[in-house]
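Subject: Structure handover and notes

Hi,

Here is the structure I promised to pass on to you.

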Amino acid sequence: MPELDLNLIPYLVAMEDTRNVSRAAERLGVSQPRVSTALGRLREYFGDPLFVRTSRGMEPTPRALMLIPAAREALSRIESGLIDSGEFDPATSTHTFSIALSDVGEIVFLPRLLQLFAQRAPHANLRSVTLTPAHVERGLESGDVDLAVGFFPDLSGNNFFQQRLFTHRFICLMRAGHPLAKTLTVEQFIACGHAVVRSEGRSQEVLEQYLEKKRIRRRAVLETPHFMSLPFILARTDLIATVPHAIGFAYVSEHASITIVEPPMPLPRFDLRQHWHRKFHNDPRVGWLRGVVTELFNDAMDEWPK
C-alpha cells in the first residue's frame, strides 16, 4: 500500500464530528470541494466508503468507526507536541547539566553553583568537564556540553552566543613569611623564582603573551599543568605564582600560610563569559542554567576585592 497522507487525518475527524461535508469544510477553514477531494482519497486508500449519505446525514461505516479513535489520538499527540510550552521546572528536574570549566573555573564557579542547585534544583546534577577548545566547540554543538563558562576566546563564531559575566585580573601569591610579602618591585619579580602554570585553560596565555611582549623574562623554577598544588608548593618555598585574582583570594581564604601581593606592573585583564550554541538558545533547561550563572556571577556579585 502507498503511504497514507497524514494531512488527510483532520478531514476524517471533522467528518465524524459534523457528519456533513459543508460543516466539515467550515470547521477546517477550507472549501467544500477540498473536503470532498480529501474524502475521496481516504476512500481510495482504505477501500471503503467511510461515510455514506443517510436521512440523518453522512454516517460512518464500521471501517470508519475503527479508524477514527486512532486518528483522534494522532491529532492529539501532534497538537500537544506543537503547542507544548517547553517549560522547565528546576524543583523536579533530575537532569544532569554539563559545564565546560578549567580547574580555575571549578574553584571559582562550582561551589556557589552547587549551593544554588541544592536550594532550587535539589534533584538535578552538575558535571564539570575540562576539554580542548575544539572539543568544547563540538560538545556545545552536540548538546553534550550545556555551557562553557570562563575564558574561551575561540568560541567567537556565528554559531555561538556569549554573555560577559565579570572581569578577571592577575595577582601574585607567595608564602606568608616571604621576604617580598610587603613590597614587590619589577626587578625583584624578575629575579625571584616562579611557579608557572601551563594548563588547558586559556587565561594563562594572556599573562604569558603580555610578559613576552614586554620582554619580561622570569625564571620558571617550576612548571605545572595544575593550579591545585600551588598553595602547598608556595607554602614550603620562596617561589612566586601569578594567577587570576579569584583563585588567589580563594586560596588565601583557605590557606593561612600564603598571602597575596599586588604585581609590580599593570598586568592585562580579561573577561569571563558564558558561551552556548545557537541551536540551544531557546532550550528551557539551558536558559534556566544561563540565568543562574548570570545571577551568581556578575560585576555586582564579584566577591573578590578589586
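Below are my notes on the sheet, the cores, a few single residues and the salt bridges.

First, some housekeeping. This is a predicted model, in which local features need pLDDT of at least 70 and side-chain atom pairs count only at pLDDT 80 or more, while totals for chains, interfaces and linings use all residues. Residues are numbered from 1 along each chain as its sequence is written, and side-chain values use heavy atoms, with hydrogens and water left out.

**The sheet**

Helices (H or I, at least four residues) and strands (E, at least two) are DSSP runs, numbered from the N terminus. Two strands pair if DSSP finds at least two bridges between them. An open sheet of 5 strands runs in the order E4-E3-E5-E12-E6, and its pairing is mixed. At the edges sit strand E4 (125–129) and strand E6 (160–168), each of which pairs on one side only. From one strand to the next, the twist averages 25°; axes here are lines fitted to C-alpha atoms, for helices over the stretch in contact, and angles run from 0 to 180 degrees between N-to-C directions.

Within this sheet, strand E5 (residues 147–150) and strand E12 (residues 270–277) run antiparallel and are joined by 3 bridges. Ala 148 is the residue to look for there, as it stands opposite His 275 in E12. Helix H5 (residues 103–120) lies across E3, E4, E5, E6 and E12, and runs at about 170° to E4.

Strand E3 (residues 96–100) holds Ser 98. Ser 98 counts as buried because its relative accessibility is 2% (buried means under 20% relative accessible area, exposed over 50%, partly exposed in between, with a 1.4 Å probe and protein chains only). Beyond its neighbours within four places in sequence, Ser 98 is in contact (heavy atoms within 4.5 Å) with Arg 127, Val 129, Asp 144, Val 145, Asp 146 and Leu 147.

Elsewhere, strand E1 (residues 51–54) and strand E2 (residues 57–60) pair in the antiparallel sense over 4 bridges. A hairpin of 2 residues joins E1 to E2, and Phe 51 stands opposite Pro 60 in E2.

**The cores**

A nonpolar core is a set of buried Ala, Val, Leu, Ile, Met, Phe, Trp, Tyr and Cys residues joined through side-chain atoms within 4.5 Å. The largest one has 61 residues, and Phe 109 and Trp 288 have the most contacts inside it. H5 gives the most to this core, with 8 residues. Leaving out residues up to four places away in sequence, Phe 109 touches Leu 101, Val 149, Leu 165, Phe 166, Leu 272 and Phe 297. There is also a second, separate core of 23 residues, which includes Val 21, Ala 25, Val 35 and Leu 42.

Helix H1 (residues 9–18) is largely enclosed by the rest of the structure, because 8 of its 10 residues are buried. Glu 16 is one of the buried residues of H1. Next comes Arg 19, in the loop between H1 and helix H2 (21–28). Its phi is positive, near 55°. Most residues other than glycine have a negative phi. Arg 215 is another non-glycine residue with a positive phi, about 60°; you will find Arg 215 in the loop between helix H8 (203–213) and strand E9 (219–224). Arg 19 is partly exposed at 24% relative accessibility, whereas Arg 215 is exposed at 76%.

**Salt bridges**

The structure holds 15 salt bridges (a side-chain nitrogen of Lys or Arg within 4 Å of a carboxyl oxygen of Asp or Glu). Arg 164 forms one with Asp 271, with the closest N and O atoms 3.4 Å apart. Since Arg 164 lies in strand E6 and Asp 271 in strand E12, this pair ties together parts that are 107 residues apart in sequence. Arg 164 also forms a salt bridge with Asp 299, where the closest N and O atoms are 2.8 Å apart. Asp 299 lies in the segment after helix H11 (284–296), so here the parts tied together are 135 residues apart in sequence.

In another pair, Glu 262 bridges to Arg 169 at 3.2 Å between the closest N and O atoms. Glu 262 is partly exposed, at 44% relative accessible area, whereas Arg 169 is buried, at 8%. Lastly, Glu 16, Arg 19, Arg 56 and Glu 59 are linked in a network of salt bridges.

Best wishes
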